[in-house]
Amino acid sequence: MLAGGAGAAPTPRPAVPARAVVALGANLGDTSATLREAVAELSALPLTDRVVCSDPIASVAVTLDGPDPTKPGYLNAVALLDTRLAPHVLLTFLQAIETRHGRVRRERWGDRTLDLDLVAYGEIESDDPRLTLPHPRAHERDFVLGPWAEADPDAVLPGRGRVADLLAALRGDA
């Protein structure tokens, strides 16, 4: 388990940058502008040296009942950050960016102005209730794997394998 869980000591700041993978999504408001602004805010994070972002892609909304084409569609992207922020600290910054963009958490998998998911943080695997790493459903999501593979063709999802292979299997190309 990753340090920083309930009652645990805080996660120390890494001495060298770790590669963090952040999935971005929005389906309310000016989604293109929101994603651009969010990437700019990610680039301005302290202890973050480099941010590379995929091109955005459109996707159907996914609800608790599955894909729902009657809901507003999403614009999605993946950003890769080289950061020395500890994972829980990075998560706090991501949630603050969401809040600044009007994110309201009314229902699980509901419509949103901005969603920033910490998909992976280096090779860390964690089952902390506040931050599960890697993201437990990333390997099932074309709208995460596709942009991630574009941004980093050699990417590996810890515990699951190469992102390009996961994407091919998901699309039935394997």
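## Confidence of the model

The mean pLDDT of the protein is 90, and 89% of its residues reach 70 or more; pLDDT is the predictor's confidence in each residue, on a scale from 0 to 100. Over residues 1–8 the pLDDT is below 50, and this stretch has 18 contacts in the model beyond near neighbours in sequence. A contact means heavy atoms within 4.5 Å.

This is a predicted model, in which local features need pLDDT of at least 70 and side-chain atom pairs count only at pLDDT 80 or more, while totals for chains, interfaces and linings use all residues. Residues are numbered from 1 along each chain as its sequence is written, and side-chain values use heavy atoms, with hydrogens and water left out.

## Helix 1

Helices (H or I, at least four residues) and strands (E, at least two) are DSSP runs, numbered from the N terminus. Helix 1 covers residues 31–43, which is 13 residues. The expected span of a helix is 1.5 Å times one less than its number of residues. For helix 1 this gives 18 Å, and the end C-alpha atoms are 18 Å apart, so the two values agree.

The buried residues of helix 1 are T31, A33, T34, L35, A38, V39 and L42. Buried means under 20% relative accessible area, exposed means over 50%, and partly exposed lies in between (1.4 Å probe, protein chains only). An α-helix has 3.6 residues a turn, so residues three or four places apart point the same way. The cover over the buried residues of helix 1 includes strand 1 (18–26), strand 2 (48–53), strand 6 (74–83) and helix 2 (87–100).

## Salt bridges

The structure holds ten salt bridges. A salt bridge is a side-chain nitrogen of Lys or Arg within 4 Å of a carboxyl oxygen of Asp or Glu. One of them joins the side chains of R84 and D49, at 2.8 Å from N to O. This pair links distant parts of the chain, since R84 is in the loop between strand 6 and helix 2 and D49 is in strand 2, 35 residues apart. D49 counts as exposed because its relative accessibility is 52%.

R103 forms a salt bridge with E98, with the closest N and O atoms 3.2 Å apart, and another with D115, where the closest N and O atoms are 3.0 Å apart. D115 lies in strand 7 (residues 115–121) and R103 in the loop between helix 2 and strand 7, twelve residues apart. R103 is buried, with a relative accessible area of 14%, and D115 counts as buried at 12% relative accessibility.
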